[in-house]
Amino acid sequence: MKVLSSWLHEMLDAPVAPEALAAAFDDLGTPVEEEVRLGEGLEGVVVARVLDLRPHPNADKIQLVDVDAGDGQPLQICCGAFNMAVGDLVPLATLGTTMPNGMTIERRKLRGEWSNGMLCSSRELELGDDHGGIRVLDVDASTGTPLRDALGIEPDVLWELEVNPNRPDAMSVAGLARDVAPKAGVGFRLPSPTVSTAGSRADAVAHVDIADPDLCGRFVTRVLRDVTVGESPAWMQRRLIALGMRPINALVDISNYVMLELGQPNHPYDLAKVAGGTLRARRARDGETLVTLDDVKRTFTTDDLLITDGDDRPVGIAGIMGGAACEISASTTDVLLEMAWFQPTSISRTSRRLGLRSEASARFEKGADPEVIDLAADRFCQLAAEICGAVTAPGQVDERGTLPGRDPIRVRTARVNALLGTDLERERITELLDPIGFTSTPVGDDLDVVVPSWRYDSEAEIDVVEEVARHHGYRNIPHRELTEPRVGRLSTRQKDRRSVRRLMTGLGLAECLPLPFLAPGQLARCGLDPHGIRLLNPLVAEESILRTSLLPGLMAAASHNATRRQTGVGLWEIGRVFLPPPEGQVLPDEREHLAVLLAGHDAPAAVEVWQVLADRLRLPEPAVENDVVAGLHPTRGARATVAGTPVGLVGEIDPAVLARHDVGERVAYLEVDLGALLDGPRRDEAYRPMSRFPSSDIDLAFEVADGISAIDVERTLAGGSDLVWSVRLFDVYRGPPLPETRRSLAYAVRLQALDRTLTDAEVAAARSSLIAAVESAHDAVLRG
C-alpha cells in the first residue's frame, strides 16, 4: 500500500514530521519498504514555449527544437521526441539542473548540433509513468515560470508500506491515519462531505435485489444526474499516479480516489445502459459469460457472484471488475453508483480462478468495512458535484444480506500480560484500544471488547491482544529469558550432520540441490547401472527414475556451468539415494549420501576432502583402496573405507562421462554413505603437545605403480620415524619419462622433536629411514 504524507495529514489534526510517521509505521507492523521525496529535483525546470521545429541535419531520430525559456530568445534543444507542436508549453531542464534521477544537465553536442538543455517527459520528472514523449503542459503560465509553481506541486513524501493479510484497514489512507494517529500523539478525523440533493428520489429509478445474501451482506446504490465526464483535476491525478493508479476520466478517477481514501471499492455504471435501473447480486450459472472492462470474455461457474441488470444480464463481476457494456464514457450523463460489501472468501476464490486481481478485489478479499459505505457514497457525490457538476438524487437504495456478527470479545487482563510479558493495567489496555475503534467495557478485572466494523480479521481474544501489543509497542516489551524446563537440544547425530554442512561450506564449496528424479538413460550417461527404480506416477513423465547415486545431479550442474564457461566449480550435496530393496523388503533401500564434485581437480583433491571429513567426524582408520568403480576413471578410482569397511567411493570421474556432459576439464569426486558414517564408530579425540623447538621440512618424491594408494604411502611415511610430525601430499605427476602404469607422488614431510632442536645428522637419518620404508613397502623408487 502506498500513501502520501499530504493525504494522511488531511486526517490528522496536527502536523507530524515524516521521520516520525515512518518510525510509527514501522512500530505498528506496517514497515516502510520505500520512501520517495516528491517535488524535489525540479529546481531549474521551467515552462518553455516551442518556437520552431526542424530536422536535425545529421540524424533521423533527433529533431532541433527552438524554445523560449522566458527571455524571449530562441534556445536550441536536441530532442528525440516528436509529439510536440509550435506553440506548445513544455518542461525545460535548464543547464546545471540536477534531475530527480541524479543526472546533471550540461551543454553538449549531439551529432554536431548543440543542445542547451533537455525537454522532459513525465517519467524523467518523476511525475508519472509516461515516457512516450515530451510532457505537453496544459497550464496557464508564462514562459520561464518554475514548473513546480506552474503545476502547483508541493513537496511531499510517498511511502510504500508492507501490509499483512490481516490488516484490511491498512488498505486505505483513512485506515492508516486512524492507526498511526495515536502512535504519533495526534488526533484523527474522517472527511465530512456535504452533499446537496435535487430532483426525484433515487429509489424512483434505481432498484436493488440480493438473491444470495450469504455472499452479499450490503448493497447500496445512489443516482447522479447531469454528469459531465471530462478529465479529473491535476491534484487528483497526481495523487492517483503516486499511489499507482492510472487516471482515466473524472468519474472513474473519483471512484478510485474514494477507494484509496476510505477503503471502499465502488463502481459507477452508465444508468442509461442498465436495464430497468436495477442491479442484482446473484450466483452465476455454469458457462455464463461476460466481457469485462479489460475487453476479455470470461466464463463463470456457480461459485462466482455476478451483478446483473433488470434483464438478468451480467454487467459486472461482484467485487472484482465491471462489464464493458455499462462502462462510463464521454457521453454518460446519468450515473448509477454501486457500493457494496461482499463475502471475502467468495471474492478471493473467483479472483484466483479467473486469474483476475484488481484493487477492488484486493480490498474485498481482506474484508471491507460495511459501515463506511454511507460516508464513501457521500464523498463520491461531493467530488462528483465539484468536478463533474453532478446533481445527486435524494436518498439511496440500501439492501442488506448477511453481515458478520460483532459480539463482544472477553479480553482477560492476565492473559494479555501472560502472552506479552507485560504488566499492563486494565485501564491502560482501554487507553490503547479506544483510539483505534476497539470499544471496551470493564467486567471485573477484564474487558468486553467490541471490534470495529473495519477490522473484519479480528475475531478472537488473541487478535485483540495483538492490537494491544502493536500500540503498546513491541520495543517496550521487556526481553526475558525463557524458563521452560523441557529444554530442547540437538541429538549427537544432528550436531554431526550440521558440522558436516559447515565443513563443506568452510571448504569454499557451493551447495547443490538437484531433484532426486532422473530421466531414463541419465544413470547410464554417468557410467552407472541404468536399472534404477521406476516411478509409476512421476511428476514429470521425462523424470521417472529414482536416483541411485548423487553423481547424475552434480554432473548436470557441472555441465550447466561448463556450457556457460564457468569452470573450476566446487559443489556438494547431502541427499537421498534409492537402491533396490534387499530381499524381504518392499520399499527401496533409502540412504542419505554426501557427495563432493571438484571441477578442475584430480583424484588427490577428492582424497583430501575425504581425509578432512574423516578427521572432523573422528572416523577410525579412514583409508582408500584402489578399485575399479562405476562412473570413475578406470585407474584413478578407489573405495573409501572406515576400519576396513567400504563406505563410499573417491577418485576422478571417467573421461567418457565428462565427454557426454561436455565438461572439458578433469573432475574429482567423492561420494560417501553419510548415514553410515554418522551411525558408525568414532575414535577418541587425540591430542599431542606442541613443540617449542624448530622443525625441519623435507620433500620426498616417489615413483609408484598406479595401483598404490597415495594414502598408503602417506601412512608409511607417518610411521617411518618417531620424528615425523606431519605428512602432506602436494603433487601428483604422470607423463614422460615415467611409464604409463606409474606415477610420481611428492610429499612434504615435517620433522620435529618435543625436547630439542634436530641436528643435521638426525634429519639425514630420519630421511634415509623414510625412503627405505616406502621403497620396501610399496616397490617405490625415489626420484631425484
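Predicted model: local features only at pLDDT ≥ 70, side-chain atom pairs only at ≥ 80, totals over all residues.
## Strand E20

Strand E20 spans residues 335-342. The strand is mostly covered, and eight of its eight residues are buried. In a regular strand, side chains alternate between the two faces of the sheet. Val335, Leu337, Met339 and Trp341 point one way from E20. Leu336, Glu338, Ala340 and Phe342 point the other way. Residues on both sides are buried.

## Partners of E20

E20 pairs with strand E12, residues 216-225. The two are antiparallel and share eight bridges. Here Leu224 stands opposite Val335 of E20.

E20 also runs antiparallel to strand E13, residues 266-270. Five bridges join E13 and E20.

The whole structure holds 58 salt bridges. One of them joins the side chains of Arg222 and Asp378, with N to O at 2.5 Å. Arg222 lies in strand E12 and Asp378 in helix H9, so the pair ties together parts that are 156 residues apart in sequence. Arg222 counts as buried because its relative accessible area is 10%, under the 20% cut-off. Asp378 is partly exposed, at 23% relative accessibility.

Asp270 is buried, with a relative accessible area of 5%. Lys273 is partly exposed, at 31%.

## Gln382 in helix H9

Helix H9 covers residues 373-388 and includes Gln382. Gln382 has 16% relative accessibility, so this residue counts as buried. Its side chain makes a polar contact of 2.8 Å with the side chain of Arg379. Leaving aside residues up to four places away in sequence, Gln382 touches Pro193, Thr194 and Val195.

## Other salt bridges

Glu573 and Arg547 form another salt bridge, and their closest N and O atoms are 2.8 Å apart. This pair links distant parts of the chain, 26 residues apart. Glu573 sits in strand E30, residues 570-579. Arg547 sits in the loop between strand E29 (545-546) and helix H15 (551-562). Both Glu573 and Arg547 are buried.

Salt bridges also form a network. It links Arg167, Asp169, Asp179, Arg455, Asp457, Glu467 and Arg470.

Conventions. Residues numbered from 1 in each chain as written. Heavy atoms only, no water. Buried < 20%, exposed > 50% of the residue type's maximum accessible area, 1.4 Å probe, protein only. Helix = DSSP H or I, 4+ residues; strand = E, 2+ residues; numbered from the N terminus. Pairing = 2+ DSSP bridges. Polar contact = N/O pair within 3.5 Å; in protein donor to acceptor, adjacent residues only side chain to side chain. Contact = heavy atoms within 4.5 Å. Salt bridge = Lys/Arg side-chain N within 4 Å of Asp/Glu carboxyl O.
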